[in-house]
Amino acid sequence: MDKDITKNTEKTGRPDSYTIMMIISGLFFLALHLTFVGFTNDDSYFKVIREDFDSLFAIVLDRYLTDSSRVLSEAVLFTLIRMPFIVWQLLDTLICLLVTHSAAVILTGDRKDRKNYLVFLLFACYPYMHMGSAGWICTSLNYIWPMAAFLYALSGAVRRYRGEKVGGNQYRLYVLALIFAANCEQSAVVVIAAFATAAVFAIIDKRSRWYELTGTFIGIFGLVFAMTAPGNGARTEMEAANWMPEFFDLSLPEKARLCGVFVFEHYVMIPDVIFFLFSILILFAGMDSGKRMVKVAAVVPVLIDVIFTSVYFVKDFIIGHKTKYDFTTPAIYMNDAHTAFVQLSEAAGLIIYIAATLYVLWNVFENVRVRNVSIVALGTGFAVRMALMLSPTMFSSWHRVLIYLYFAFLGDSYLLAERFVFAEEKVKPMRRKVICAVLIAGILVNLVLTVGLQIRKAG
């Protein structure tokens with residue numbers, strides 16, 4: 001990690017909020033990880049097939065030829081599944097700390113800034129149960145580990161942007177993190193988007209841009225490596241047969257509709273705290289604008305969230321007596337009027353939500369680069385998830401693939417919330433209370449759902 005979080009401000013009597021926040025984060029995620037049940041789902045399957053190979057190289061090569069281009073995460077996977085589960089629990093806790101550290105460097109850059117606590121509160125809201133959807137070890141290695149590596153490498157670009165000195169050893173760690181992140185398809189796309197944006201900023205400012213361009217090229221190489229890997233093509237055929245036989249018969253617009261509806265339903269079918277928090281923050285930020293149209297647009301996201309979530313709550317829980325926290329998948333074909341109405345209304349809701357959100361973000365941030373970054377983050381997170389429409393696992397990959405969109409919401413929520421949470425008490429204190437209440441609710445929901453998942457698996 002970085003020697004300094006960084007910009008060391010003038011010496012004051014303020015406590016070291018960064019260190020306190022990291023200690024709290026470590027205790028929180030360690031306690032959470034100790035509740036996890038080991039070697040379930042795909043982890044159990046991989047544990048068995050590992051025994052069929054004499055060496056780690058042999059199984060990774062076989063997987064590359066028949067199933068996956070993620071050779072780096074696969075090498076770690078097939079190493080960890082032969083160890084006691086506690087080894088992964090400790091390592092994954094450290095990965096969560098790396099996420100927290102990197103986010104603090106990127107968003108605050110000041111050890112004594114109280115906004116470091118907001119970084120933890122937002123991350124603690126992320127529904128970590130998603131990392132257990134296909135088995136804790138294999139899912140985390142394909143999603144949270146590459147994302148942590150990406151954020152760590154990105155923190156180096158942010159430090160350079162601030163004019164901080166970065167040492168040679170630090171650069172070596174950043175490049176290694178980039179290589180690991182780029183070996184997974186989703187994170188490779190995110191690396192390209194983020195580092196290309198950073199390179200543009202460096203070029204405009206006439207600063208050194210070798211690191212940003214290096215990151216961009218590593219991301220491109222990772223994506224090309226994935227697209228040309230024989231295993232990925234073979235897996236597509238297998239997954240179509242197992243998960244979506246209709247896949248090759250669907251047109252591109254139909255795939256886009258299904259994928260978009262699936263994403264929208266994830267956030268509105270069952271109340272989603274992070275989505276609601278982001279919508280509320282868009283409302284608060286827009287209400288402070290002097291433009292009437294911005295105020296009107298700011299109401300739209302939270303209105304869409306509340307209306308669709310209320311309809312599903314009444315239909316599924318009040319009328320349907322639903323008892324489990326789960327999701328259904330959209331019908332492949334719109335063969336009847338009801339299905340067509342539901343899917344087209346949800347597609348329209350998604351498009352309107354996106355348009356209103358982008359319009360508000362464009363108008364509420366005075367800093368042009370903060371504005372651009374907030375929009376690029378959301379666009380990248382959404383595009384990465386929508387790209388799954390090119391795969392027959394657009395539904396069966398479940399909701400772990402939404403991780404980059406979730407963290408885009410969390411990152412933008414930080415940018416929107418900092419003005420309210422840390423404003424003077426006399427400045428709109430009710431907004432601060434609402435935001436804090438939603439954050440606490442998000443953490444509690446994360447704990448209940450994640451620990452609940454373990455109770456069900458243990459049973």
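**Salt bridges**

I counted the salt bridges and got 13. I note that the model is predicted.

I then looked up Arg-70. Arg-70 forms a salt bridge with Glu-185, and the closest N and O atoms of the pair lie 2.8 Å apart. I checked where the two residues sit in the chain. Arg-70 is in the loop between helix H3 (56-66) and helix H4 (71-80), while Glu-185 belongs to helix H10 (residues 185-204). The pair is 115 residues apart and links distant parts of the chain.

**Surface patch**

I looked for nonpolar residues on the surface. Leu-72, Leu-173, Leu-176 and Ile-179 make up a nonpolar patch there. I have their accessible area together as about 340 Å². Which helix gives the most to the nonpolar patch? I find that helix H9 (residues 168-182) does, with 3 residues. Ile-179 is one of the patch residues, and I located Ile-179 in helix H9.

**Packing of H13 and H15**

I took helix H13 (residues 252-268) and helix H15 (residues 292-319) as a pair. Their axes are 9 Å apart, and the helices pack at an angle of about 80 degrees. Angles of 65 to 115 degrees count as roughly perpendicular, so I record H13 as roughly perpendicular to H15.

I listed the residues that make the contact. From H13 they are Phe-264, Glu-265, Tyr-267 and Val-268. From H15 they are Ile-304, Asp-305, Phe-308, Thr-309 and Tyr-312. I sorted the contact residues by type: 6 are nonpolar, 1 is polar and 2 are charged.

Note on methods: Residues are numbered from 1 along each chain as its sequence is written. This is a predicted model: local features need pLDDT of at least 70, side-chain atom pairs count only at pLDDT 80 or more; totals for chains, interfaces and linings use all residues. Side-chain values use heavy atoms; hydrogens and water are left out. Axes are lines fitted to C-alpha atoms, for helices over the stretch in contact, and angles run from 0 to 180 degrees between N-to-C directions. Helices (H or I, at least four residues) and strands (E, at least two) are DSSP runs, numbered from the N terminus. Angles under 35 degrees count as roughly parallel, over 145 as roughly antiparallel, 65 to 115 as roughly perpendicular and the rest as oblique. Contact means heavy atoms within 4.5 Å. Ala, Val, Leu, Ile, Met, Phe, Trp, Tyr, Cys and Pro count as nonpolar, Asp, Glu, Lys and Arg as charged, and the others, Gly among them, as polar. Patches are made of residues with over 30% relative accessible area and no salt bridge: like charges are joined within 9 Å, nonpolar side chains (Val, Leu, Ile, Met, Phe, Trp, Tyr) within 5 Å. Accessible areas come from the Shrake-Rupley method with a 1.4 Å probe; for residues, only the protein chains shown count as cover. A salt bridge is a side-chain nitrogen of Lys or Arg within 4 Å of a carboxyl oxygen of Asp or Glu.
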